[in-house]
Amino acid sequence: MTPEYGIKLAVHLISTDFGDHAAKVCDCLLRKGTLALDDIVRTTKLSPQQVKTYLKVLIQHNCVQAFAMEHEGGCGEGPVVVTQYMLLFDNILHRMRFPKLLAIVSKELDKECEELFEAFLKHGWLTLQQILDRVPSNQNEGNCTVQDALRGSFTKLVNAHYVERCPAPDPFLVPPDEEKTPARKHDANSAKAVEELEIGEQCDIAKATPSKAKGFPVITDTCGDINGDKSIGNPPGVVIGKKRKQDALKLDTESGAASEKDVPWRANYKELVCHLRHKACIENVRARLDSGAAIVLSAMLEATQSAEKNVKEEISVLLSINTIIEAVMQSEAGCSMTLERIRASLVQLGCHPNGVGADETYNIDLKKIIELAQNDEVESMVLKRYGREAHRIFRLLSKSCCPLETTKISDTTFIEKKEAAKILYKLWKDECLHMEKIVLNESRQSQFILWKVKKDTFWRHILDEMYHAALNLSIRIIELRRDKHVGALRERDVRLAILLQASLMKLDDALMLFHDF
């Protein structure tokens, strides 16, 4: 379930880019969930035409996905197919990290690919014809050089999976079986129901997303095909009697090329978020262990990236020791590493060999690396907010596999019991810890209090605070930009805007750690 400030941040981003009416539609879908057109009109108090217009805009920019679903008709009527609209919350948040995504494309490919990818981020869905129409008419006369360059950049983006084909406008989904989803039916407010609802929405999005074969087809047509150039007369070597068959074949080819030009494409956020997740894992290992372990991890992630099925992959694909050695040696930083050093780095990463000899394979527990990075972020926040002694107590509890008693915590952290109890109650009051009282009935009755980190609740609270901070930074940046347009921005404000933007990107790194990774 999206936290309150997560909703406010998404609505602010949509309002900034598309206006208040689009933000009203966004707020409605975030709070009410997937809805049909009539329900959105009723909730937002906008006219049907206005709602249709802004839904089209949000779909164009990958913020809403439409689904066709069959429902039972009323008054004895047959089943009715109704189009429903689901807001893509993650895609809305990606709008504030466009500079990061562009930096990835610029680093991995080239400047031309970056400029073309920026067009996808700004305009949403684009067809191949719209991309080629970017060429000024005075440059397009007499040759296809500029178009070929654009096509080359586009092909690079597709091959790198940074751009993918758009899903069907409103794919048909089979209605969920209510007998298999009792939690949604009986207790919509329970945590289990919310979790099942989120899983169901993720499945719906996955069904609408084209397969890898359809999403990243090979582009083979040439500039001549696009411009519709046709040779005059019979091609050499063609028998006159076979001309009708060849004309039919040419007609099919030309119609296929024409339809290919009209297929919409969009930025593939999934691939880019995977790239950012890998980068976060590598940097965490570099800071927590050493550069050697980071080099080995980087090589293994690069070797298995194509096999990853989703962003939050918990365990990497198995790799043989020979494949790992080869991947490490191919990198510039790892070419000097010996086999013994590579094996030592694998041990540091917590990798255990599966098999021996030629069958020796390894994989990486990515989920554990992300959890360790999250713990580091939370402990840093506890240190700043509650002080060193509270940080020691929280760190002890977060690393403990079972609840600890107050005296045990006091003795282990070398903090006076009275002071430790005061800190524990403060953390408990702020929903950082879970408290459990145990009463022992012996010769004399005694009471013990056990403590443990309230991870799920505290992590959600931290995420909501991050959304709140990102919202405040984004609002302040927008205010400074408005001052710039009216000519009132001073040099000090320019520096402030740059600093705030950098702070927002830094905060977004932590936000992605808890939400996207």
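I looked up Asn62 and noted it as buried, with a relative accessible area of 4%; buried means under 20% relative accessible area, exposed over 50% and partly exposed in between, with a 1.4 Å probe and protein chains only. I record that this is a predicted model, in which local features need pLDDT of at least 70, side-chain atom pairs count only at pLDDT 80 or more, and totals for chains, interfaces and linings use all residues. Residues are numbered from 1 along each chain as its sequence is written, and side-chain values use heavy atoms, with hydrogens and water left out.

**Entry on two loops**

I placed Asn62 in the loop between α4 (48-60) and β2 (64-71). Helices (H or I, at least four residues) and strands (E, at least two) are DSSP runs, numbered from the N terminus. Asn62 is not a glycine, yet I found a positive phi of about 65° for this residue. I then turned to His161, which sits in the loop between α9 (145-159) and β5 (163-165). The phi of His161 is near 65°, again a positive value in a residue other than glycine.

**Entry on strand β7**

I next examined strand β7, which covers residues 264-267 and includes Pro264. For Pro264 I noted a relative accessibility of 25%, which counts as partly exposed. I asked which residues Pro264 contacts, leaving aside neighbours within four places in sequence. The contacts are Trp125, Leu126, Thr127, Arg165 and Cys166, where contact means heavy atoms within 4.5 Å. I also checked Pro264 against Ala168: these residues are 96 apart along the chain, and their C-alpha atoms are separated by 9.7 Å.

For strand pairing I required that DSSP find at least two bridges between the two strands. Strand β4 (residues 126-127) is joined to β7 by two bridges, and these strands run antiparallel. Within this pairing, I found Thr127 opposite Pro264. Strand β5 is also antiparallel to β7, with three bridges joining them. Here I recorded Ala267 of β7 as the bridge partner of Val163.

**Entry on His391**

Finally, I located His391 in helix α20 (residues 388-399). Is His391 buried or exposed? I noted His391 as buried, at a relative accessible area of 18%. Not counting residues up to four places away in sequence, His391 touches Glu379, Val382 and Leu383. I also looked up Met381, ten residues from His391 along the chain, and found their C-alpha atoms 8.9 Å apart.
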